[in-house]
Every structure is written in structure tokens, then in C-alpha cells.
Amino acid sequence: MEKAEKASQNSKATKNPGTLKPKSASRSAKPAGVKSAETKAKVPLMVRLNVRLSHTEKMLFTKYFAVLLKSGVAIDEAIDILLQQSKGPLKKILETLKSVVEQGRTLAEGLSRYSHVFSPVFVNLVRAGEASGTLQNNLDHLASQLEKEHNLRKKVRGAMMYPMIVLLGALIVGALVFVFVLPKITSLFESLDVELPFTTRALLWSVDTIATKPLWVFGGLALLIVLVLVIPRVPFLKPALHWMLLRIPVFGRTSKNTNLARMTRLMGTLLDSGVTINEALTITKSTVHNHFYRRLFDRALDEVSQGQMLAEVLGHEEKLVPPMALRLIRVGEETGTLPDMMTYLATFYEEEVDSTIQDIATLIEPFLILTIGLLVGILAFSIISPIYQVVGSV
């Protein structure tokens, strides 16, 4: 009889949208979200290779799920509806979610099986929503955030499209000149009985090196590309690289605003979902990549757990957190509106990032044109100057 009552209670919980909440998700226990934020579940290699979602697919999945829950559909029914319309990797994920939910487990537990697709932030917000009964709101927040990231990527691609096309065209033309044109006039320059300018000698040396040691040249370029990709991942070099990134003119401000937008948006969403400030700091830290901001979160987590105000702790690093943000955070703590203040700051810094990206794109275009014009001028001077010297000496 007791088993029948428990089964009935589980069935009722499943029929209420966003309220599937087993005992393991209790707020009184140590939150599983914090643990999963620090250590990702191991995903089999074949699953990692075969089950992948694009950013757009993940955004649409989250948005449709939120819409279904908002319309009063239960979690298991929402999964069934999405499953009927899905194919490929998303269908595999939804089949797993359906199986997990039917076993009486949480949606977050099913999502955590695909930690290479769903970030710790995504899983933690779903877990917090299930525990606090705000799953629909949290999915709305996630969908909104994913949409903003999608729009930001589109803006960056659009802003960089013209400069990249110009740069690619210049590289192709330069390569063709070096491979097909310059080798044919090298013998002419060598036969001239005049002192060649430095730029011409440098040009001839470059052509000769490419012609006689192509493996060394292409090997060096490949090594340079590898170093550019590997160096940022070396742990002991990260502090120096992140320090430089925060202090480069224009780009440094963009990096700082991006970190501030990400951390305030996530903190606001987590706190609004009922997550404690200690848990929110732990989860947010896992999404911050800059060494100095991670160190700031380590300090904040340690001191806030001892009873200090968050604004006081962040105030020790005014170069990372501007005075305006500190004042609003302090006001939010004193008035009990910290989630709202965090959300306001996130919106402000996201708009700052958008504006800065547009400015950078506007600056890059004339800079590229000037650079290409300078290189063309040097090339023309290197070729024409010796010829003028010969003509002038006749």
C-alpha cells in the first residue's frame, strides 16, 4: 500500500510542469550542483564524438522546452513532444532524458550525462530550477542567454567579415607574387651592377629562402601556428597572458566587460532561482576563464562564507570590478535586490561589449587598408628603385 502511495505521488509530481523533485534534490542537503560545477561527469569517447549539438540547436531546444513548460505541459510530456520533432544527436539526448525521467530521476541528472554538450552552468540552473520549482523560469533565462551569445557571435562574424576577406585576398595575392612573379625578376636584379636598397635585398633573400628551403619555411609557419594554439593552454603561462589581455588598449576593456557580463548575468540568474550566494559563487567561478577573475572568486567564496559582504570582497580588486558595479552590488545586498542589480549590470556590460566590438570592427578596416597599402608600396619600391638607379647611371 505504501509503495502504491509513493508511486501515485511521483506520478502527480511528473504531471506538474517543472516540479519533478526527488529527495536527492532537497535544498537542505549539500547541493549536487556545486559538485558537478567542479567536476564534469566522464563521457564515453564514442558518445562525445557522435552526440554533439550546435549552439543554435541547443538554443532552440532550450527555448522550445521552456515554451512547453510555460503552457502547462508536464516534463515527460514536453520531452515526448520534442522527441517526435527531433532527429540525429538531439533525438538521442531526448531518448536518454525520457528514460531518466521515467525512472524518477531529475532532468539535470539526464543532462549531466552529456556534459560535453551541456555546460555545468546549464545543468546547475536546471537542477536549481527543479529543486526550487522555478524550472520554467530558469530555462527562460538559459534560452535568453544562449540567444544573446548567438546574436553576439553573429555580430562578431558580421563585423569581421569584410576585414577577413580583405586580409585573405592580400595574403593570396602576396603568395602568388612571391611564388610566380618575383623569382622571374630575381636574376635581373642580381645582374644589375648597382648597390641594391635594403628592402630589395630583403625581398631577394625571402624569395631565395622560399625557393631553396620550402620545408623549413612551411615547417616554421606550422610551428608558429601550433605555438599560438598551445601557449594559451599552458598553465604557468596563463597568468601572464591574461594579465596582458586585460591591459591591451581597447581589447583589454572588451575582455574585462565580457567577464563582468558573464559573471553578473549568471550570478543574477542563480540568485533569482533561489541558489545561495556561496553556491552561486562556486558555479560562476567554473565558467570564468580569466586567471585573475577566478582568483577573485576564490577569495570571494572564502570571505563571503565567513560573513563578509560581497561588495567589500570585490572592492579589493577595483581594476577588475569598477566602482559603479561595486556600488550597485552593495545597494543590492543592503536592500535585498542583489539578483536584480546583477541582472541590470549584466545588461549594461553586454551592451558595452556590443558597442566595443562595433568600434573595433570600424577601426580594423582602415588599419588593414593602410597596412596593405604600405606593404604594396614597399614591394613596388623594392622592385622599381634598382631599375631607376640603372637608368639614372646611364
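Over which residues does pLDDT stay under 50?

**Figure 1. Confidence along the predicted chain.** The structure shown is a predicted model. Its pLDDT stays under 50 over residues 1-39, and for this stretch the model has 51 contacts beyond four places in sequence. Where pLDDT is low, the predicted coordinates should not be read in detail. Helix α1 (residues 2-15) has the lowest mean pLDDT among the elements of the chain, at 41, whereas helix α17 (residues 323-335) has the highest, at 92. Over the chain, the mean pLDDT is 80, and 86% of the residues reach 70 or more.

**Figure 2. The chain as a whole.** The chain contains 18 helices and zero strands. Of its 394 residues, 37% count as buried. Among contacts with a separation of 6 or more, 65% join residues 24 or more positions apart. The accessible surface of the chain comes to about 23,000 Å², and carbon and sulfur atoms account for 63% of that surface.

Figure 3. Helix α8 covers residues 120-132. The buried residues include Pro120, Phe122, Asn124, Arg127, Gly129 and Glu130. After the helix comes Gly133, whose phi is positive, near 80°.

**Figure 4. Val126 within helix α8.** Val126 is located in helix α8. Is this residue buried or exposed? Val126 counts as buried because its relative accessibility is 0%, where the cut-off for a buried residue is under 20%. Apart from neighbours within four places in sequence, Val126 is in contact with Leu107, Ala108, Leu111, Leu135, Leu139 and Leu142. Thr106 lies 20 residues from Val126 along the chain, and the C-alpha atoms of these two residues are separated by 9.2 Å.

Figure 5. With a relative accessible area of 8%, Thr269 is buried. Ser255, at 11% relative accessibility, likewise counts as buried. Which residues does Thr269 touch, not counting those up to four places away in sequence? Thr269 touches Leu125 and His141. Leu125 is itself one of the buried residues of α8. With residues up to four places away in sequence again left out, Ser255 touches Leu245 and Leu246.

**Figure 6. The second largest pocket.** The volume of the second largest pocket is about 910 Å³. Of the 25 residues that line this pocket, the closest to its centre are Ala170, Leu171, Gly174, Ala175 and Phe178. Which helix supplies the largest share of the lining? That share, nine residues, comes from α9. At least two lining residues are supplied by each of α9 (135-191), α10 (198-212), α11 (214-230) and α18 (338-393).

Terms used
Residues numbered from 1 in each chain as written. Predicted model: local features only at pLDDT ≥ 70, side-chain atom pairs only at ≥ 80, totals over all residues. Heavy atoms only, no water. pLDDT = per-residue confidence, 0-100. Helix = DSSP H or I, 4+ residues; strand = E, 2+ residues; numbered from the N terminus. Contact = heavy atoms within 4.5 Å. Buried < 20%, exposed > 50% of the residue type's maximum accessible area, 1.4 Å probe, protein only. Areas by Shrake-Rupley, 256 points an atom, 1.4 Å probe, with all protein chains shown as cover. Expected span 1.5 Å × (residues − 1). 1 Å grid on protein atoms, 1.4 Å probe; cavity = no way out; pocket = protein on both sides within 12 Å on 5 of 7 lines; lining within 4 Å. Points joined across faces, edges and corners; volume = space filled by probe spheres on them.
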